[in-house]
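Hi,

Here is the structure I said I would pass on. Have a look at it first, and my notes on what turned up follow below.

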Amino acid sequence: MNRNLPLLFRSSCLGVILLACVRLCAAQASANLLPNPEFRAEAGEPRGWKLVGGQGEWRSSAWGGLPALLARGTGKDSSHWRTEKIALQPGGLYQMLFHGRRDAGASGGTAMSGPERVNRDFPLDTEWRQNKFVFQAPSDSGADCVRLGQWEVDGSLTFAAPILRPVMASHIEVGPGLELGEGESIEENRYRFWADFGWAGANFHRPLATNRAGFNSNRWVFWPGAEVVYRHRVVDFTQRSGNLRVAINHHVGGTLRVEASRDGKTWLSVAEFDGQRRGGEVALPAGLFPSAEVMVRLSCVGGEGGFQVNAYGYDSELEGEAPEAQGETVFVATTEIRDGLRLELSPRRVETPFALELALSNLSNEPITINEMFWEQEGQQAVVAMHKMRLNPGARQLAKSDIRLSGAGERRVRLGLRDRTGGVVWAGETSVRLGILQDATYGQWLAEKHGVTVWWCESGWKVGRSRPAPDRPALGKARPVEVSAARGEFEAAQVVLKPE
């Protein structure tokens, strides 16, 4: 959605949202923060939603028999359904989901979705599909409106079943205390970060420290006074030098000022970009180094209007011998949570596909008990018995479990915690992408002794070093290694040793 207007970012309800944090609000009992997500109507009007601009209507039955909202355009206008301001935690992390479709005959334009300060566009097609993205709310406000609508569509778009819910982020721990998230890597003793603004997390990346700007689909939106700060730190490694890459993709007015700091207090001017010079690569001043941490601030100064930044990258030479690693971020969305419970998601170990560790805090006045963890992956269900956990008021404990996922590719996982009565204490869902080296759907258990499991598989498999061994047969009888071939053929088998 291109907002090429003098103010560059149009809003009739400028509230702000929040900075990256993985904590949930203390008493967030209802996971969906949107009012009337079923679009129930009173006198033909969906309660809690208001049509703004252009044309639209409420439909009593559209998606699976459920009500839906329609936004209609002429190809040169925009219209949307909007909530009132919704209270959001400044600096919090959220996920927006909705089902949508483009009506037959509609052409051009896009669907707009999400808060007014953090919008994402989707093209939509004629089939109903779920669309979703995660975002970090700006840190300079605690409320914003949420919109579903069309921008320059010639025809109609229809929306159903929207959800806005809290999310936790977990990054990979590649060394003691050393985390790397999406877009981060270490290669040949050089740390690199490239912000992919089009990814599932939109404006959020692990290095993001301050967010006082807008965001539209795949670019930051700046106006006078807006700023974004990235903090680059590689635990236990000193940075010897640093380079930046920044680009402005649309400019109306003002100057992009780029500054760097070692402590967030004293800032050095690095570069300025505007409508004539829209970006480039910049070497940071030598006086900043060596340093354990480098902060980079992007801000808009002077002029009217503003501009959009669609590219940001940073790389630095490290002292010592840093591990070669590729960062990754997984989001876990909360679908249900008991009043008074707060969760934090710990970093994931790099050697397992999804090792879950939750820090649980009881902020209520009553004890909370937890007896088991459950998870489900595409119909496959499992219950992990836990040592009974009793969270007294004010207590904080860890709950750990290795969730064994199978098959390569994208895997949707539902998981949660139950008390002794089977009541859900917390439930959530996530999507995990597994590579072929993490596929654990094949193989035959052979034996287990002295902390070593022996198993085997056919020759065609590429066995990943970190994948778990196959489950032990229910009756304890191992299927022996088997090789069969016809005359003139060659065949092999692989025997794998998996130490604890």
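**What turned up**

Arg192 sits in strand E17 (residues 190–194); strands here are DSSP runs of E, at least two residues long, numbered from the N terminus. Before going on: this is a predicted model, where local features need pLDDT of at least 70, side-chain atom pairs count only at pLDDT 80 or more, and totals for chains, interfaces and linings use all residues. Residues are numbered from 1 along each chain as its sequence is written, and side-chain values use heavy atoms, with hydrogens and water left out.

Back to Arg192: its relative accessible area is 36%, so it counts as partly exposed (buried is under 20%, exposed over 50%, partly exposed in between, using a 1.4 Å probe and protein chains only). Arg192 and Gly313 are 121 residues apart in sequence, yet 7.7 Å apart in space, C-alpha to C-alpha.

Now the sheet. Five strands form an open sheet in the order E18-E21-E26-E23-E24, with antiparallel pairing; two strands pair if DSSP finds at least two bridges between them. At the edges are E18 (208–212) and E24 (268–273), each pairing on one side only. Inside this sheet, E23 (residues 255–261) and E26 (residues 293–301) are joined by 7 bridges, and Ala260 stands opposite Val296 in E26.

Another group of strands involves E36. E33 (residues 368–377) pairs with E36 in the antiparallel sense over 6 bridges, with Met373 opposite Leu417. E36 also pairs antiparallel with E37, over 10 bridges, and Arg411 has Val432 in E37 as its bridge partner. The E36 and E37 hairpin has 5 residues between the strands, and Gly422 takes a positive phi near 90° there.

Then the largest pocket, which holds about 580 Å³ of space. (A pocket is an open set of points on a 1 Å grid over the protein atoms alone, where a 1.4 Å probe fits, with protein on both sides within 12 Å along at least five of seven lines; lining residues have an atom within 4 Å of a point.) Of the 26 lining residues, the closest to its centre are Lys132, Ala200, Phe331, Glu410 and Ser431. E36 (409–418) and E37 (424–434) are among the elements giving two or more residues to the lining.

Last, the cysteines: how many disulfides does the structure hold? It holds 0, counting a pair of cysteine sulfur atoms within 2.5 Å as one. Cys300 is buried because its relative accessibility is 4%, and Cys457 is buried too, at 1%.

Cheers

Conventions:
Helix = DSSP H or I, 4+ residues; strand = E, 2+ residues; numbered from the N terminus. Points joined across faces, edges and corners; volume = space filled by probe spheres on them.
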